[in-house]
Amino acid sequence: KKVVVLISGNGLNLQAIIDQCHHKDADVVAVISNKSEAFGLERARTAEIDAQVVLSKGKTRELFDAELMAAIDPHQPDLVVLAGFMRILTPEFVRHYQGRMLNIHPSLLPKYPGLNTHQRAIDAGDTEHGTSVHFVTEELDGGPVVIQARVPVFADDDAGLLHQRVQNQEVRIYPLAVQWFCRERLMMEDGNAVLDGKVL
Ligand code: GRF
């Protein structure tokens, strides 16, 4: 299956997908960043994957999303993977890729949609935190969850430590979800995530 990965930054999740899925179940046909300095672009080039920049700065959501779609669609991807992609997408864009776009969000959804999830978990006194892979729907970080990983929160944690602990799990579960989708074991049906015919 053909996969396009969208990034904004370091690209640790991208690297995990390259290492665990590329040239196996998935062919990562392009990596697109909305920031020219994203280190993930280097990771793509090193893996000889087409690395593109579509700048978001100073553009309306509508214009940026139209440009992004125009960059993605020539690759005819089966799946679009948001991997640390830090832009909110328009409903039109989301509908266009409905059922074939995944995101990873660093919280145990439905807890803490949006930003600063690690600090929010600490501030709330949570003893458990984690990360969720979900299908993207029009509701921000609100689509059906595919897989979650849990991590403990320790009394002396700060957001940085917690972020690292969460990322160690992200690089394990995101490639797995991509593999499931590419093997046609995972799909979105009637707003539900379905794995091997069972609603998750
Ligand atoms: C991840 O923690 C992801 O959950 C969040 O942003 C981070 C991206 O990291 N949305 P990377 O670019 O994959 O290293």
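The legends below describe close-up views of one predicted model. Residues are numbered from 1 along each chain as its sequence is written. Because the model is predicted, local features need pLDDT of at least 70 and side-chain atom pairs count only at pLDDT 80 or more, while totals for chains, interfaces and linings use all residues.

**View 1. The seven-stranded sheet.**
Seven strands form an open sheet in the order β3-β2-β1-β4-β5-β6-β7, with mixed pairing. β3 (51-53) and β7 (145-152) are the edge strands, each pairing on one side only. On average, neighbouring strands of this sheet are turned by 20 degrees against each other, direction ignored. Helices (H or I, at least four residues) and strands (E, at least two) are DSSP runs, numbered from the N terminus. Two strands pair if DSSP finds at least two bridges between them. Axes are lines fitted to C-alpha atoms, for helices over the stretch in contact; angles run from 0 to 180 degrees between N-to-C directions.

**View 2. Strand β6 beside strand β7.**
β6 (residues 128-135) and β7 pair in the antiparallel sense over 7 bridges. V133 stands opposite I147 in β7. Helix α6 runs at about 25 degrees to β6. α6 lies across β1 (2-7), β4 (79-82), β5, β6 and β7.

**View 3. Strand β4 and its two partners.**
β1 and β4 pair in the parallel sense over 4 bridges. The bridge partner of V3 in β4 is L79. β4 is joined to β5 by 3 bridges, and these two strands run parallel. Here V80 has M101 in β5 as its bridge partner. L79 and V81 point one way from β4, V80 and L82 point the other way, and all are buried. A residue is buried if 20 or more other C-beta atoms lie within 10 Å of its own, exposed if 12 or fewer, and partly exposed in between; C-beta atoms are placed from the backbone.

**View 4. V3 in strand β1.**
V3 sits in β1. V3 counts as buried because it has 26 C-beta neighbours inside 10 Å. D27 is 24 residues away along the chain, and the C-alpha atoms of V3 and D27 are separated by 5.9 Å. Leaving aside neighbours within four places in sequence, V3 is in contact with A26, D27, V28, V29, P77, D78, L79, V81 and V178. Two residues are in contact if their C-beta atoms, placed from the backbone, lie within 7 Å.

**View 5. The largest nonpolar core.**
This core has 44 residues. V5, I17, V81, A83, L102 and A177 touch the most other members. Helix α6 (residues 159-182) gives the largest share of the core, 6 residues. Beyond its neighbours within four places in sequence, V5 is in contact with L14, I17, V28, V31, V81 and A83. A nonpolar core is a set of buried Ala, Val, Leu, Ile, Met, Phe, Trp, Tyr and Cys residues joined through C-beta atoms within 7 Å.

**View 6. The shell around the ligand.**
The ligand is surrounded by 16 residues, and the closest are N10, L12, N13, G84 and P106. Two or more shell residues come from each of α1 (12-21), β5 (101-105) and α6. α1 gives the largest share, 3 residues. By class, the shell has 6 nonpolar, 9 polar and 1 charged residues. A residue is near a molecule if its C-beta atom, placed from the backbone, lies within 6 Å of it. Ala, Val, Leu, Ile, Met, Phe, Trp, Tyr, Cys and Pro count as nonpolar, Asp, Glu, Lys and Arg as charged, and the others, Gly among them, as polar.

N13, L14, A16, I17, I18 and C21 are buried in α1. The buried residues of α1 pack against β1, β2 (27-33), α2 (40-46), β4, β5 and α6. H23 follows α1 and is found in the loop between α1 and β2. Phi of H23 is near 65 degrees, a positive value in a residue other than glycine. H23 is exposed because it has 9 other C-beta atoms within 10 Å.

**View 7. The three-stranded sheet.**
An open sheet of 3 strands has the order β8-β9-β10, with antiparallel pairing. Its edge strands are β8 (186-189) and β10 (198-199), each pairing on one side only. Strand β9 (residues 192-195) and β10 are joined by 2 bridges. L195 stands opposite K198 in β10. D190 lies in the loop between β8 and β9, and its phi is near 50 degrees, a positive value in a residue other than glycine. With 7 C-beta neighbours inside 10 Å, D190 counts as exposed.

**View 8. A cis peptide bond.**
The peptide bond from L109 to P110 is cis, with omega near 10 degrees. P110 lies in the loop between β5 and α5 (117-123).
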